[in-house]
Amino acid sequence: MEIGGVKLRGQKAKVDGLREQIDSLTEEMSTAEVARAKAQKQQTKSEKAYAEAANELEKIAQELEQVEDNVKNQSRDASGSRRQAEEAQEV
């Protein structure tokens, strides 16, 4: 009888195949975990940028409202000045 016969070689081949599968799957898991961590960091950055942009938009909206109010006030003042000038010319 041979030492390490055919049966043992077949079992060794199966074990080696399973080890290769385990190594391959472990590598895939590691790659996936790195990708997940990277995606989480990117999500955090994106959420922060979104919050900053929303704050900036709110500030700009307030500034726009103030500018519009100023334009309305100046239009009223200009209308009043025009009327006074017209009245002065009529007199």
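Colleague: How many positive and how many negative side chains does the chain have, and how far apart do the centres of the two sets lie?
Modeller: Lys and Arg count as positive and Asp and Glu as negative, while His and the chain ends are not counted. The place of a charge is NZ of Lys, CZ of Arg, CG of Asp or CD of Glu. Here there are 15 positive and 19 negative side chains, with the two centres 13 Å apart. Please note that this is a predicted model, in which local features need pLDDT of at least 70 and side-chain atom pairs pLDDT 80 or more, whereas totals for chains, interfaces and linings use all residues. Residues are numbered from 1 along each chain as its sequence is written, and side-chain values use heavy atoms, leaving out hydrogens and water.

Colleague: Which side chains meet in a salt bridge?
Modeller: Side chains of opposite charge can pair when their charged atoms come close. A salt bridge is a side-chain nitrogen of Lys or Arg within 4 Å of a carboxyl oxygen of Asp or Glu. The whole structure holds one, and K12 and D16 form it at 3.4 Å, N to O.

Colleague: Where do K12 and D16 stand in helix α1?
Modeller: A helix is a DSSP run of H or I of at least four residues, and a strand a run of E of at least two, numbered from the N terminus. K12 and D16 are separated by about one helical turn, because they are four residues apart in helix α1.

Colleague: Is K12 buried or exposed?
Modeller: Buried means under 20% relative accessible area, exposed over 50% and partly exposed in between (1.4 Å probe, protein chains only). K12 counts as exposed because its relative accessibility is 52%, whereas D16, at 30%, is partly exposed.
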